[in-house]
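Please look over the model below before reading on. The paragraphs that follow move through an annotated span, helix packing, salt bridges and some backbone details.

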Amino acid sequence: MSTNQLDKKSQAWSALFSEPMSDLVKRYTASVFFDKRLWRADIQGSLAHADMLNAQGLISADDLASIQKGMAQITQEIESGQFEWKLDLEDVHLNIEARLTTLVGDAGKRLHTGRSRNDQVATDVRLWLRGEVDELGVLLTALQKALVDVAEQNADTILPGFTHLQVAQPVAFGHHLLAYVEMFARDAERLVDLRKRINRLPLGSAALAGTSYPLDRERVARSLGMVDEAGRPAVSQNSLDAVSDRDFAIEFTAAASLVMVHISRLSEELILWMSQSFGFIDLADRFCTGSSIMPQKKNPDVPELARGKTGRVVGHLMGLITLMKGQPLAYNKDNQEDKEPLFDTVDTLKDTLRIFAEMAAGITVKPEAMERAARKGYATATDLADYLVKKGLPFRDAHEVVAHAVKDAIAAGVDLSELPLDKLQTYNPAIEQDVFEVLSLRGSLNARNLLGGTAPEQVRAQVARHRTRLG
């Protein structure tokens, strides 16, 4: 006769109940087919817990050795695809515990001493997410490096800068791309910061009130690398909060949403720039598709889909916030619903960052088209105003003078730089021959040679800074 209650009755609490759980309820409440991805974190946490139980004299050295041996076999079975995930056992935690007990008997039953699934799952999710955050940091670095490479190659390439999607002033295309590097750098900073709040140990809080067993929670924290910046164990300080807190998941999904918003903004520009109306860039064929009916089409499907997936990730953020808003303390079954949006957010973000780093490296720039577009929008009008200010005219008066000049240039169908000197002098007699250097796109670009400006010299300085920062 089996001595494994989990195997015999399918549920750890079944002795209390007078009828079995219906199949419909089993399917409705089970999470094993999506939370099984936590298996490695679950085993890692269980081994640290078992080590501590032994150190505290709560289980024997033989029990610890059996648990370690059993977990090694379970790891091998899962990695080889031989492990049988059972719906009746509801989740990853009971599946692993049941298999462990089958393998090592009473030692497996002793593993759950001093813990609950409530603090166990909170620990597992944190351990798993900590690893994903580390990997996302690497992917964000790769994307930034790819953009920095393209920016360096285009430090001198003139792009029309836009406000309100109207031509505003000329900027270097490299400068424009580095704006996104700044965004992704902030995203990476947020991940580093929130990792500190993810990396705190709930284990030992048990179901909600702590436990009467003399657990050494700090030992477990050290074993799992859950330490603060000074190397001190990072352990939750309130058992009720520890088992019911999902702030870390919400905070991560908020940070992920911002990354995707930045991806979406870049996607929007890539889509516009690639259209025939702009023609500023081309994307490599492997990131595009054709049309089933129009043979001339080359559609930027990857950035379009990324733009769409941004809504998906932001939706997960809204879902997690809504999930938590009405819950009383402490743990509630509602929290099972935190995993699928969290898992999907991580998967979506990782895939998107990987593909964008590769896609960015394959951008083909069309500088002639960019410069032609910059010439159409009177992009050096502000430079003429600045020129007049340097001649002693108050800026507001200079602004008014240049507005009249632009109006006349539009009527004549010419650029400001194409107006003859004698015509320009009718707007203000202080204008001299040197104005044409000011009115050139290249002159405008070079003039903004200050920290944060778009001058090629500044772009190269920023590229160097980013290369140092990114290693």
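**A walk through the predicted model**

Residues 378-446 form a span that is 65% helix and 0% strand, and its end C-alpha atoms lie 17 Å apart; helices here are DSSP runs of H or I with at least four residues, strands are runs of E with at least two, and both are numbered from the N terminus. The UniProt record, an unreviewed entry, places the feature "domain: Argininosuccinate lyase C-terminal" at residues 378-446, with positions given in the numbering used here, feature names shortened, and annotations that may be inferred rather than shown by experiment. This is a predicted model, in which local features need pLDDT of at least 70 and side-chain atom pairs count only at pLDDT 80 or more, while totals for chains, interfaces and linings use all residues. Residues are numbered from 1 along each chain as its sequence is written, and side-chain values use heavy atoms, with hydrogens and water left out.

The axes of helix α12 (residues 247-274) and helix α13 (residues 301-324) come within 8 Å and cross at roughly 160°, where axes are lines fitted to C-alpha atoms, for helices over the stretch in contact, and angles run from 0 to 180 degrees between N-to-C directions. The two helices, α12 and α13, are therefore roughly antiparallel to each other, given that angles over 145 degrees count as roughly antiparallel, under 35 as roughly parallel, 65 to 115 as roughly perpendicular and the rest as oblique. The crossing of α12 and α13 is left-handed, a term for a near helix turned anticlockwise from the far one by less than a right angle, whereas clockwise makes a crossing right-handed. Sorted by class, the contact of α12 with α13 has 16 nonpolar, six polar and four charged residues; Ala, Val, Leu, Ile, Met, Phe, Trp, Tyr, Cys and Pro count as nonpolar, Asp, Glu, Lys and Arg as charged, and the others, Gly among them, as polar.

Helix α4 (residues 39-55) packs with helix α6 (residues 92-104) at an angle of about 55°, their axes being 10 Å apart, and that makes α4 oblique to α6. The crossing of α4 and α6 is right-handed. For α5 and α6, the angle is about 120° and the axes are 9 Å apart, so these helices, α5 and α6, are oblique to each other; α5 also passes α6 in a right-handed crossing.

Turning to charged side chains, a salt bridge is a side-chain nitrogen of Lys or Arg within 4 Å of a carboxyl oxygen of Asp or Glu, and by this rule the count comes to 39 salt bridges. One of them joins Glu135 to Arg354, with the closest N and O atoms 2.7 Å apart. Because Glu135 lies in helix α8 (residues 117-153) and Arg354 in helix α14 (residues 339-361), the pair ties together parts that are 219 residues apart in sequence. Glu135 is partly exposed, at a relative accessible area of 29%, and Arg354 is partly exposed at 37%; here buried means under 20% relative accessible area, exposed over 50%, and partly exposed in between, with a 1.4 Å probe and protein chains only.

Which side chain does Asp383 meet in a salt bridge? The partner of Asp383 is Arg448, at 2.6 Å from N to O, and the pair links distant parts of the chain, with Asp383 in helix α16 (residues 381-390) and Arg448 in the loop between α20 (441-447) and α21 (456-470), 65 residues apart. Arg448 also forms a salt bridge with Asp386, the closest N and O atoms being 3.7 Å apart; Asp386, likewise in helix α16, is 62 residues apart from Arg448. Asp383 is buried, Arg448 is buried with a relative accessible area of 18%, and Asp386 is partly exposed at 27%. Salt bridges that share partners join Glu132, Glu135, Lys350, Asp351 and Arg354 into one network.

Some backbone details remain. Most residues other than glycine have a negative phi, and most peptide bonds are trans. The peptide bond from Leu329 to Ala330, however, is cis, with omega near 10°, and Ala330 is found in the loop between α13 and α14. Glu90, which is not a glycine, has a positive phi of about 70°; Glu90 sits in the loop between α5 (61-80) and α6 and is buried, with a relative accessible area of 6%.
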